[in-house]
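I opened a notebook page for this chain and listed what to look up. The entries follow in the order I worked.

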Amino acid sequence: MRRHPSLFGALMVRMGDADGLICGTFGRHHVHREYVENVIGLAPGVRGLYAMSVLLLPDRTLFIADTYINYEPTAEQLVDMTLLAADAVRRFGVTPRVALLSHSSFGSENTPTALKMREALRLLKERAPRLEVEGEMHGDAAIDDQIRQRVFPSDARLKGQANLLIMPTLDAANISFNLLKIAAGDNLTIGPILLGSAQPAHILTATATVRRLVNMTALAVVDKLMNER
């Protein structure tokens, strides 16, 4: 066990000897994830783990999911992920405004991913009728409401610029996040934030800076305090 510090840390959280787990700066993401899922476990009612990354851009903050875990999530997984991500966004003191992204724009295509995002929207409207969410849409329409208004009726549930971007695949989420953090964000990020674990646990990456480690530790502390309320 001494050779697997993430396993040791997960056991400490499980036994109540630690309040949270920060890991992932060395080794493969899926190995750390297995320790979290099998030892710490999933939160009640949650069927899987998801990852959300935060981009601190000069003129806005964007939350993107799923950036690290589910390769091609189903419509049902997208719904679960969106609801968990929206709750995490609220913990930042931000009202989630959700865009379901696709190469299709409000029914312009009927490809498998477009249909999947459309079905996710239908399910979200049933499960979270008050959530500001719309789709499926292009990325520019998500973050520019003037573009969106030109292609979609004014009665859309999403008002203003989206801040929570739900991607159809892991490739789309991870590539978008890593391009934007360098091209537009000066590498200022938070996360990845692990969604769905029973106790605070976050799996970082080998490129995580000291600043990101400190930020994620603070986030784990806040998660623990809010869970105890």
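**Entry 1: the two domains**

How much area do domain 1 and domain 2 bury between them, and what share of it is on carbon and sulfur atoms? I looked this up first, keeping in mind that the model is predicted. The answer is about 1,200 Å², with 59% of it on carbon and sulfur atoms. I then noted which residues supply the area on the domain 1 side: His29, Arg33 and Arg212 give 34% of what domain 1 buries against domain 2, more than any other three residues.

For the bounds I took the domain assignment, which gives domain 1 as 1–41 + 197–228 and domain 2 as 46–191. The contact involves 15 residues of domain 1 and 11 residues of domain 2. I recorded 25 Å between the C-alpha centres of the two domains. I also looked up the salt bridges between domain 1 and domain 2, and the count is 1.

**Entry 2: salt bridges**

How many salt bridges does the structure hold? I found 9. As a reminder to myself, side chains of opposite charge can pair when their charged atoms come close.

I wrote down Arg91 and Asp223, whose side chains meet at 3.1 Å, N to O. Arg91 belongs to helix H3 (residues 75–91) and Asp223 to helix H8, so I logged the pair as a link between distant parts of the chain, 132 residues apart. Is Asp223 buried or exposed? Asp223 counts as buried, because its relative accessibility is 11% and the cut-off for buried is under 20%. Arg91, at 30%, counts as partly exposed.

Next I took Glu132 and Arg97, which form a salt bridge with the closest N and O atoms 3.6 Å apart. This pair also links distant parts of the chain, with Glu132 in strand E5 and Arg97 in strand E4, 35 residues apart. I have Arg97 as partly exposed, at 29% relative accessibility.

Glu119 is partly exposed at 27%, and Arg122 is partly exposed at 39%.

I also noted a network of salt bridges that links Arg47, Asp80 and Arg127.

**Entry 3: helix H7**

With 14 residues (170–183) at 1.5 Å a residue, H7 should span 20 Å, and its end C-alpha atoms are 20 Å apart, so the two agree.

Which residues of H7 are buried? I listed Leu170, Ala173, Phe177 and Lys181. They lie on the same side of H7, because they cover an arc of only 75° around the axis. On the other side of H7 I found Leu179, Ile182 and Ala183 exposed.

What do the buried residues of H7 pack against? I recorded strand E2 (50–56), strand E3 (61–65), strand E7 (189–195) and helix H8 (210–227).

**Entry 4: backbone geometry**

I went through the backbone angles last. For reference, most residues other than glycine have a negative phi, and most peptide bonds are trans.

Which residues does the cis peptide bond with omega of about 5° join? I found Gly191 and Pro192. Pro192 lies in strand E7. I logged another cis peptide bond from Gly135 to Glu136, with omega near -10°. Glu136 is in strand E5 (residues 132–137).

Phe106 has a positive phi of about 50° although it is not a glycine. I located Phe106 in the loop between strand E4 (97–101) and helix H4 (112–127). Phe106 counts as buried, because its relative accessibility is 18%.

Methods:
Residues numbered from 1 in each chain as written. Predicted model: local features only at pLDDT ≥ 70, side-chain atom pairs only at ≥ 80, totals over all residues. Heavy atoms only, no water. Helix = DSSP H or I, 4+ residues; strand = E, 2+ residues; numbered from the N terminus. Expected span 1.5 Å × (residues − 1). Buried < 20%, exposed > 50% of the residue type's maximum accessible area, 1.4 Å probe, protein only. Arc of directions from axis to C-beta. Contact = heavy atoms within 4.5 Å. Domains from an automatic or database assignment. Buried area = accessible area lost by both parts, 1.4 Å probe. Salt bridge = Lys/Arg side-chain N within 4 Å of Asp/Glu carboxyl O.
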